[in-house]
There are 2 protein chains.
Amino acid sequence: MFEFTLEASSSAARSGRLALPHGTIETPCFMPVGTQGTVRALSPNDLRTAGASLVLANTYHLHVRPGEDVVAQLGGLHRFMGWDRPLLTDSGGFQVFSLAGFRRVSDEGVEFQSHLDGARRFLTPERATEIQWTLGADVAMAFDHVVPGVADETTARDALERTLRWLERCVERHRELLESWKVGKSDPFQPSNLPTFPQTLWPILQGGAHQALREEGLRRILEMGSWSGLAIGGLSVGEPKPAMYEMLAALEPRLPPALPRYLMGVGFPVDLVAAVERGMDLFDCVAPTRNGRNGTAFTPDGPVNIRNAAYREDARPLDETCDCEACTTFSRGYLRHLFQAEELLGLRLLSLHNVRYLIRLAGEMRAAIRDGSFARWADAWRRRYLQPELA
Amino acid sequence: MFEFTLEASSSAARSGRLALPHGTIETPCFMPVGTQGTVRALSPNDLRTAGASLVLANTYHLHVRPGEDVVAQLGGLHRFMGWDRPLLTDSGGFQVFSLAGFRRVSDEGVEFQSHLDGARRFLTPERATEIQWTLGADVAMAFDHVVPGVADETTARDALERTLRWLERCVERHRELLESWKVGKSDPFQPSNLPTFPQTLWPILQGGAHQALREEGLRRILEMGSWSGLAIGGLSVGEPKPAMYEMLAALEPRLPPALPRYLMGVGFPVDLVAAVERGMDLFDCVAPTRNGRNGTAFTPDGPVNIRNAAYREDARPLDETCDCEACTTFSRGYLRHLFQAEELLGLRLLSLHNVRYLIRLAGEMRAAIRDGSFARWADAWRRRYLQPELA
């Protein structure tokens, strides 16, 4: 369980399989974001049809509402949201630092004000680990201190050191929870297909835009123990895009090949391709759903804003290469009408298409990596995607 | 085509089949309302899964946006909205009288102000018929003058007379359109499974809450020619509920058994049962979707407001007798969370459930009528539905 099998690589780009308690996923893998225990506007059936294999849910949001105890009472996160495939929960760190109004960071943890009702709450590495344990996703993330991408070295060093100290506490608490779980599961006749462990914990590498800090952080994380995966956080948070690409390229040769690499918060098509080129395996982003709700659809020829008057009587599908419900059932003219008329179905159809688009994109990259054509594929993909829209 | 076959009756309640160009529907039949060419929050797949056999779309709304020419350009209403089963369009009369700001009625037609952009527009019986012809639904409705349920006899008489004069003009225009269609379709090798006619036109009986007017209107409509169906309009528009039930009971013996009877705008569960008891066959209402979006779900034990704090940790399905996605996949606790968190999926799941509920309700009534147990069934149904909620 939690074993990552590297199947093919093409320069830095890799393709593999990761075994999780609720199923095996193939990488590169894009995971849709179900912030509040639902991928906005989409049902679990939609997600299955779109080919989603792994979904992310936000610990901070579910902790604040409805509360992890309610989720546990309703059968845990999988049962709660009707999703029987693998789930990953983030640690709440990113949200505490991006959403909360007031916050006070100490070594103990973070005191913050809920974005919902203003109530003071306190998150520590131990609490974040316990909340995620209670939610019950396949993969939990360590609680981290996130700083803006433009943070200076002193600030970034401070956050990195705190994140590393917090990581030790997350690991310790997660180990305790696993031990007590094993005690509860001491039945010697346990069927062999039950997972050995119900959840794994992944560390998050911070260090801002400072390469030396990132390298040091990586070294110290790897020295801390053996992991089943590794996340790179604090990128795509305000720094220029080339800085992110350079950082990934610099880190890649230092990353152990046997660990899946999760680049947090990245999910625009161009970034996904660039990150896979630089050896990343897993991705999450609200871009497909948020953009979908704004009427922007990803297509092989670049983004399309479906509200555009040019599509008024356009009988063509949104993306003729796509097999999603939006593209196989409806015309651009109808989709535009749904947005003009502010109909809920429009939000759903474009969200569905964009999620499907990114999952197909990951699938195309997997295929290209496996047959050794990834570099050519990426060039051709970029030429088409980045050209001025001809559609 | 357009033939109605009465299969069973139990006192006034009837069950039958109506053959339409896009399929045969069974009555009693509830049709979900797709005001703007989409049943709010639901996809055609959702509607098929819910068992919808006939969907209503609003001529007024589609005329104002995107315009019937755009719909025609995109392949007609069926293709436009991705719905391959029967469709019915209303005439626009009800919306002109309920939605438009300014309106001026003359015998020629109605001048009104669009509720969208305030532009002055003009609808006549001929235009309403042409628009519906262009949209291409299986069933079109005659353009009528609707008055409030509490209108006095003079006002109701005036509207009835105008509706009858307008009906003659609708029929004439519809006949012309059919004739020109036949000329265009003069291919002698036309496959025999093509419909003889692509669309039928149904009259709407008005007359307010005045029984004598209703009876006179009915007589004059029936004298005007042979119809394939008959709608009763202007009920459920502000008059007390008992007045509607009495009117239906009084009209029923005068209605030709061979015509399907469409009671417009009725669709709360109690009204549906009462109307079937009084011989009605077809129904439409926004209640299931509008109530669903407000968090109210129909269940056999009466309405449930899913926002209620009592459902916070309730692991039971919304309606344990229901086979819809909401009831088979999710707990009440999760559905409540979706509403608390203002998630789009909640709007969709409760809309889906309510539509499925009414379609199942119509199906149960069909079955009870066929096996002769309708009176007993209706008593038992009411006892359970109207009791204080025990759920």
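## Cysteines

A residue is called buried under 20% relative accessible area, exposed over 50%, and partly exposed in between (1.4 Å probe, protein chains only). By this rule Cys327(B) is buried, at 8% relative accessibility. This is a predicted model, in which local features need pLDDT of at least 70 and side-chain atom pairs count only at pLDDT 80 or more, while totals for chains, interfaces and linings use all residues. Side-chain values use heavy atoms, without hydrogens and water.

Cys327(B) is in no disulfide, and its nearest cysteine sulfur, that of Cys324(B), is 3.8 Å away. Cys285(B) is likewise in no disulfide; the nearest cysteine sulfur belongs to Cys29(B), 14 Å away. Cys285(B) is buried, with 9% relative accessible area.

## Fold and dimensions of chain A

Chain A contains 15 helices and 18 strands, taken as DSSP runs (helices: H or I, at least four residues; strands: E, at least two) numbered from the N terminus. Its C-alpha trace spans about 60 × 50 × 45 Å along the principal axes.

The radius of gyration of chain A is 21 Å, in agreement with the value near 21 Å for a compact globule of 391 residues. That radius is taken over C-alpha atoms, and the globule rule is 2.2 Å times the number of residues to the power 0.38.

## Burial and surface of chain A

Of the 391 residues in chain A, 60% are buried. The chain exposes about 14700 Å², with carbon and sulfur atoms supplying 49% of it; accessible areas come from the Shrake-Rupley method with a 1.4 Å probe, and for residues only the protein chains shown count as cover.

How values were computed:
Residues numbered from 1 in each chain as written. Chains lettered and ligands numbered in written order. Disulfide = S-S within 2.5 Å.
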